[in-house]
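This report describes the strand pairing, the aromatic contacts and the surface of the model shown below.

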Amino acid sequence: MRLFFYLVVLCVIGGLAWIRFAPSDPAYWNVDPQVTADQDLADGVRRRISGGEPVFERLNAIILATPRTEVLDGSVSEGQVTYITRSQWMGFPDYTTVKLSDGVLELWARLRFGRADMGVNRDRVEGWLAQLGAGRDD
């Protein structure tokens with residue numbers, strides 16, 4: 001019975017390590033968001049906002065100021081960036097891709113592991129957009 005307990009503990013630790021250290025392939029995650037309308041999804045959120053490169057630059061700064069967030073691939077000058085934001089305790093990765101297309105910023109935030117994010121991505125994106133709106137001059 002003790003051996004079974006240790007095997008379960010080892011499997012749990014191994015699973016958590018995989019979640020924390022699994023590689024993120026930019027070719028898979030840094031893709032065109034193809035946002036045609038605002039959507040709240042079980043595994044994330046899609047948003048469209050008007051704005052050109054200056055708005056993208058401000059949004060980029062807001063996103064990068066978010067704790068545990070870094071760029072996976074892309075840049076503002078390329079017109080598309082994908083960010084990874086990890087949860088505080090477990091290190092679960094969420095991916096957010098922002099693309100500038102014809103004066104519209106398309107945002108697609110989604111989870112990697114699981115089926116539902118319980119609104120975490122929606123809340124994060126809405127927070128970013130609220131900060132962006134508070135800093136707008138127009």
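## Strand pairing

Strand S4 (residues 80-86) and strand S5 (residues 93-101) run antiparallel and are joined by seven bridges. The model is a predicted one, in which local features need pLDDT of at least 70 and side-chain atom pairs count only at pLDDT 80 or more, while totals for chains, interfaces and linings use all residues. Residues are numbered from 1 along each chain as its sequence is written, and side-chain values use heavy atoms, with hydrogens and water left out.

Strands (E, at least two residues) and helices (H or I, at least four residues) are DSSP runs numbered from the N terminus, and two strands pair if DSSP finds at least two bridges between them.

| Strands | Bridges |
|---|---|
| S1 (residues 39-41) and S2 | three |
| S2 and S6 (residues 104-111) | seven |
| S4 (residues 80-86) and S5 (residues 93-101) | seven |
| S5 and S6 | eight |

S5 and S6 form a hairpin with two residues between them, and Asp-102 in the turn has a positive phi of about 55°. Ser-101 has Val-104 in S6 as its bridge partner. S1 and S2 also form a hairpin with two residues between them; Asp-40 stands opposite Val-45 in S2.

Strand S2 (residues 44-50) is mostly covered, with five of its seven residues buried. Here buried means under 20% relative accessible area, exposed means over 50%, and partly exposed lies in between (1.4 Å probe, protein chains only).

## Rings and charges

Arg-46 has Trp-108 in S6 as its bridge partner. Arg-46 also lies over the face of Trp-108, at 4.4 Å from the ring centre. The charged end of Arg-110 sits over the ring of Trp-108 as well, 4.0 Å from its centre. A charge sits over a ring if NZ of Lys or CZ of Arg is within 6 Å of the ring centre and within 35 degrees of the ring normal.

Rings of Phe, Tyr and Trp (its six-membered ring) pair if their centres lie within 6.5 Å; planes under 30 degrees apart count as stacked, over 60 as edge-to-face and the rest as tilted. By this rule the count comes to three aromatic pairs. Phe-5 and Tyr-6 form an edge-to-face pair, 5.6 Å centre to centre with 65° between the planes. Tyr-28 and Trp-29 form an edge-to-face pair at 4.9 Å centre to centre, with 80° between the planes. Tyr-28 is exposed because its relative accessible area is 57%, whereas Trp-29 counts as buried because its relative accessibility is 10%. Ring pairs link Tyr-28, Trp-29 and Tyr-95 into a cluster.

## Nonpolar surface

Which residues make the nonpolar surface patch of about 900 Å²? Met-1, Phe-4, Val-8, Val-12, Leu-16, Trp-89, Met-90 and Phe-92 make this patch. Accessible areas come from the Shrake-Rupley method with a 1.4 Å probe. Phe-4 has its place in helix H1 (residues 2-21), and Phe-4 counts as exposed because its relative accessibility is 54%.

Conventions:
Patches are made of residues with over 30% relative accessible area and no salt bridge: like charges are joined within 9 Å, nonpolar side chains (Val, Leu, Ile, Met, Phe, Trp, Tyr) within 5 Å. A salt bridge is a side-chain nitrogen of Lys or Arg within 4 Å of a carboxyl oxygen of Asp or Glu.
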